Amino acid sequence: MGGQACVLYGAAEFSRDTDFAILASTANLSRLRVALADLKAEVIAVPPFELKYLRKGHAIHFRCHASEADGMRVDVMTKMRGVDSFAKLWHRRVTLQAEDGTSYELMSLPDLVKAKKTQRDKDWPMIRRLVEADYFRHREEPKRSRLGFWFLELRTAELLIELAAEHPKVSRKLIKQRPLLKIAGSATEIDLTEALSEEERLEREADRQYWIPLKAELEQLRRARLRSV
Amino acid sequence: MISAEQLVGEELANWYSLTPMERWRESVKLWREYVAMGGSLDPEPDTQSPFFDPAAPSSRPVDGRSGLRVVRRGRV
């Protein structure tokens, strides 16, 4: 679900760690512990590797020490703000197969885009590129579901204007879900860019609010760890 | 219709036009070169991340040397 997924979906990203969204269940965690033991992975930060922290929305951070993966970082999460349950994510996943037979199970693009709506600067240009790449790849033969995805997630004013001109009815239908579509058919690029910035600002603020209690808990855990050393 | 080249330039438009597995292969090549040059395997510190911990330990460069450093700077 991290940088590697972004590369596969079309963004130009250089990611040094690997992020996994996993099902938070006792049985699955047992399987994950076996896989992490193969990688000789150690937890390198708070919180500890426990189900209760994953279920709250924390990420668990590992560093691997097995020779073929020495130094590699792995992050595991199970719950993300604004993103559906793991069961739904898994149902909508995309499976890609490499020439060597390796399968990659990716979060679907719409889910990945939702997961990227964070407080961090770097995630927003990434969302823009991901949706642009999908738009350019499929705009000649858009499926209904894709049209909806583009209307709800495109962050490029020029393309939103183009899309609204091509499909005005769909645009109007989705105004309730994305109020800035009200002006997509008539606004200038500048106006729409401003509306997109405001939309981003609100999402980032929502993410900051979401993380306030989680960050406080992380801070407590850090302090407790320091006291125990 | 706006073309990808018009919007994002030729280089990124070419990247968009690759298949997922072509992008994956290019990314793997880049990764191998990065590792061969001794690049750090730790993500760049991201102070905006809720997970950011200024006291977190970092790993050594993969080749055990001192890692990449700037040896010459051009004038800005």
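Colleague: What distance separates the centres of domain 1 of chain A and domain 2 of chain A?

Modeller: 28 Å, taken over C-alpha atoms. Keep in mind that this is a predicted model.

Colleague: OK, and which residues belong to which domain in chain A?

Modeller: The domain assignment puts 3–115 in domain 1 and 123–209 in domain 2.

Colleague: How many residues does each domain of chain A bring to the contact?

Modeller: Domain 1 of chain A brings 10 residues, and domain 2 of chain A brings 10 residues.

Colleague: Which helices supply the domain 1 side?

Modeller: α1 (3–9) and α5 (109–115) of chain A each supply at least two residues of the side that touches domain 2 of chain A. α5(A) gives the most, with 4 residues.

Colleague: And what kinds of residues are on that side of domain 1 of chain A?

Modeller: They divide into 7 nonpolar, 1 polar and 2 charged.

Colleague: Switching topic: how many residues of chain A are in contact with chain B?

Modeller: 32 residues of chain A, and they meet 27 residues of chain B.

Colleague: Which elements of chain A supply that side?

Modeller: α1, β3 (60–63), α6 (123–138), α8 (157–166) and α11 (189–228) of chain A each supply at least two residues of the side that touches chain B. By class, that side of chain A has 15 nonpolar, 5 polar and 12 charged residues.

Colleague: New topic, α2(A). How many of its 13 residues are buried?

Modeller: The count is 1, so α2(A) is hardly covered.

Colleague: What comes just after α2(A)?

Modeller: A:K40, which takes a positive phi of about 50°. A:K40 is found in the loop between α2 (26–38) and β2 of chain A.

Colleague: Is A:K40 buried, exposed or partly exposed, and why?

Modeller: Partly exposed, because A:K40 has 14 C-beta neighbours inside 10 Å.

Colleague: Last one: is the peptide bond from A:V46 to A:P47 cis or trans?

Modeller: Cis, with omega near 0°. Most peptide bonds are trans. As for where, A:P47 is in the loop between β2 (42–43) and α3 (51–56) of chain A.

Notes: Residues are numbered from 1 along each chain as its sequence is written. Chains are lettered from A and ligands numbered from 1 in the order in which they are written. This is a predicted model: local features need pLDDT of at least 70, side-chain atom pairs count only at pLDDT 80 or more; totals for chains, interfaces and linings use all residues. Domain bounds come from an automatic or database domain assignment. Two residues are in contact if their C-beta atoms, placed from the backbone, lie within 7 Å. Ala, Val, Leu, Ile, Met, Phe, Trp, Tyr, Cys and Pro count as nonpolar, Asp, Glu, Lys and Arg as charged, and the others, Gly among them, as polar. A residue is buried if 20 or more other C-beta atoms lie within 10 Å of its own, exposed if 12 or fewer, and partly exposed in between; C-beta atoms are placed from the backbone.
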